[in-house]
Amino acid sequence: MKSPIFNFWLPICVVILFGYSCKDNTKGKQKNDTAQQSEKPLSAADSTLFHFWDKFDMRDTAQVKNPEKGEQQLADFIQLLAQTPDSATRDKAVDLMLDKAQVNRTSFDYFIKQYEHYLYDGNSPMRNDIVYESVLRYLIKTDLLSDLEKEAYRPTYKLVLRNKEGKTAEDFTYELANGKKQKLSDTKSKYTFLIFYDPDCSHCKETIHQLRDTPQLVQLFSQLQVQVLAIDPWGDRTKWKNYQSQLSDQWINGFDGESKILSFNLYDLKASPTIYLLDENKKVLLKDTYLQQVIAYFVKTNP
């Protein structure tokens with residue numbers, strides 16, 4: 001008799017470490033008030049977001065750059081944004097905050113860099129493309145930045161829009177050890193655990209060893225029909241071949257010999273490993289995630 005998935009959760013949590021990655025005005029107010037009257041009443045959560053920065057003085061550069069004030073306030077704000085499912089609400093909250101920051105270009109530039117650090121840096125445990133999407137939308141439309149400055153953000157904006165949760169993952173061709181070529185779309189399984197790894201990355205090795213050597217994980221993935229598809233996109237064939245023995249025989253181990261994944265920015269590989277969870281139709285269930293978040297997803301969706 002198969003054990004419920006929940007029984008796997010506690011022992012697996014013990015061995016899964018957190019966050020692995022390498023590398024890599026008055027008239028305006030009256031207008032807003034009038035618009036809000038015609039909309040549905042704000043929830044308490046939305047109201048908190050929209051007024052989160054009301055008492056923060058953006059002109060006070062010392063306060064802005066004080067890690068215990070400006071940075072901490074932004075971190076708290078980001079946590080609320082991450083809990084907000086509605087993109088329009090996130091966009092409005094970010095717009096209000098950055099509009100307020102425009103009174104001091106030093107403050108504006110500081111917070112833009114902090115947003116990037118928290119939401120987009122490959123080593124940040126808070127990285128979140130969905131929230132950063134709202135920031136990037138603001139940056140490519142604001143009149144504060146020049147056209148050249150705006151253009152600098154467009155490539156990143158295109159990247160964060162790729163492979164979003166609920167969308168079909170970008171297909172690509174990879175090479176097997178026997179020279180045969182296959183596509184991501186050829187994978188036949190209920191779930192695909194897609195991991196882009198670098199043979200030289202210590203955190204990649206740690207994640208791979210956990211997947212391969214943790215009995216509960218091996219059993220869980222087998223029970224749920226999860227196919228691990230491990231892809232080395234970095235282009236060093238010798239390193240890839242020398243690393244073969246470190247991977248499970250039950251996995252699909254592929255190599256992007258033509259470096260198309262990186263050349264065409266099919267996936268945003270700002271961290272190693274980069275992990276996606278896909279469904280049987282290759283729809284993205286989790287994007288740029290961690291191993292423990294994948295397990296948490298299985299616990300939630302397969303009680």
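This is a predicted model: local features need pLDDT of at least 70, side-chain atom pairs count only at pLDDT 80 or more; totals for chains, interfaces and linings use all residues.

Let me start with helix H11 (residues 215-223) and helix H14 (residues 291-301), which pack at an angle of about 50° with their axes 12 Å apart; the axes are lines fitted to C-alpha atoms over the stretch in contact, and angles run from 0 to 180 degrees between N-to-C directions. H11 is therefore oblique to H14, since angles under 35 degrees count as roughly parallel, over 145 as roughly antiparallel, 65 to 115 as roughly perpendicular and the rest as oblique. Leu217, Leu220 and Phe221 of H11 meet Leu291, Ile295 and Phe298 of H14, where contact means heavy atoms within 4.5 Å. Helices here are DSSP runs (H or I, at least four residues), numbered from the N terminus.

Residues are numbered from 1 along each chain as its sequence is written, and side-chain values use heavy atoms, with hydrogens and water left out.

Turning to the loop between H5 and H6, we find Thr84 there, and it counts as buried because its relative accessibility is 11% (buried means under 20% relative accessible area, exposed over 50%, partly exposed in between, with a 1.4 Å probe and protein chains only). Leaving aside residues up to four places away in sequence, Thr84 touches Leu49, Thr89 and Arg90.

Notes
Helices (H or I, at least four residues) and strands (E, at least two) are DSSP runs, numbered from the N terminus.
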